[in-house]
Amino acid sequence: MGKEQKKIFSEAQDFLPINGTDYVEFYVGNAKQAAHFYKTAFGFQSLAYSGLETGDSTKTSYVLVQDKIRIILTTPMSGNTEIENHILKHGDGVKVIALWVDNATKAWEETTKRGAKSYMEPSKLEDENGVVIRSGIHTYGDTVHVFVERHNYDGIFLPGFEKWDSTYNPSSIGLKYIDHMVGNVGWNEMNIWEDFYKNVMGFANLITFDDNDISTKYTALMSKVMTNGNGRIKFPINEPAKGAKKSQIEEYLEFYNGPGCQHIAIATDDIIKTVTEMNARGVEFLHVPKTYYNTVTNRVGKIDEEIAKLRDLSILVDRDDEGYLLQIFTKPVEDRPTLFFEIIQRKGAQSFGKGNFKALFEAIELEQQKRGTLI
Ligand code: FE2
């Protein structure tokens, strides 16, 4: 970690210590089919299940795991519920970004007294494997943070869930942990959410990108990366900026019907292997023009990977003063142009691929053009 970063991390407040991401919960139209997709295409493993068979007649949830990443796919079992209304409004998307804490009651008290709107008062879940305390607050749009305290629990996931034994178990593809999760917010709202993460959650601003950093001939956006005190949680917040045409952020806000999670960046130790496997399993990626690779060595210097391999897979490279990073972006993983994934391998660099923004956003514009939304 560089000196500048250390200073930023020490600025982050310690009233909300966070150990890491606990899980990400998606509300989806058909959890059974979504679970099949994330197992097949992304290499997640079956972990836990709750639904009619476990005594929950209101919703069905599948929990999937890969190394440190846990995702829950939840679908409602009847109409006019919070979950169904969420899906009607947003389509499939991220509802809960759950954070692993040592004290969920204190996390709720500290954040609500600083102005957070409560989503869930501290509540106890209990079974023969122990106790989990959860609480929650609202963040941008209809997205929420749930604080999970689980040091007295050694069950499979949470009380109410049973182990999910499946006969279909595609192998992992080497996804390790969530590197960052990005939120898209409305016009002039980035600073409001920067203040929220600063004042309510004790985060600090790691990097700011203005519309000069992130613009093409047609579109622009702005972004502020917020981090917690130990750097394990990074939330970039994007807002649209004025350009000649409609930006990808505006497109997202229209199709998601408001702010929400734009992408989840997942780390791997071997991006070439991971992305080769994802291609074979049918994941669709954004492709930059092949000319991007003509100048890549001039820009980033010597790297361990063969440029030809990166070009074949459309993997992007960027360097900062601490090292370099490799990254690639999927197309949206649902029919609406909303949530997508980033696969990232960090080789020293702790930044976010600023040198790739232009090529990347031009690639997104090509997709927008096909969708008729680059207007
Ligand atoms: Fe990202």
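I worked from a predicted model, in which local features need pLDDT of at least 70, side-chain atom pairs count only at pLDDT 80 or more, and totals for chains, interfaces and linings use all residues. Residues are numbered from 1 along each chain as its sequence is written, and side-chain values use heavy atoms, with hydrogens and water left out.

I looked up the largest pocket and found about 600 Å³ of space in it. A pocket here is an open set of points on a 1 Å grid over the protein atoms alone, where a 1.4 Å probe fits, with protein on both sides within 12 Å along at least five of seven lines; lining residues have an atom within 4 Å of a point. The volume is the space filled by probe spheres set on the points, which are joined across faces, edges and corners.

I noted 25 lining residues, with Gly20, Lys68, Tyr177, Ile178 and Arg232 nearest the centre. Strands are DSSP runs of E, at least two residues, and helices runs of H or I, at least four, numbered from the N terminus. Because domain 1 (3–163) and domain 2 (175–371) both contribute to the lining, the pocket lies between them; the bounds come from an automatic or database domain assignment.

**Residues.** I found Asn188 in the loop between E10 and H5, with a positive phi of about 60 degrees although it is not a glycine. Asn188 is exposed, at 62% relative accessible area (exposed is over 50%, buried under 20%, partly exposed in between; 1.4 Å probe, protein chains only).
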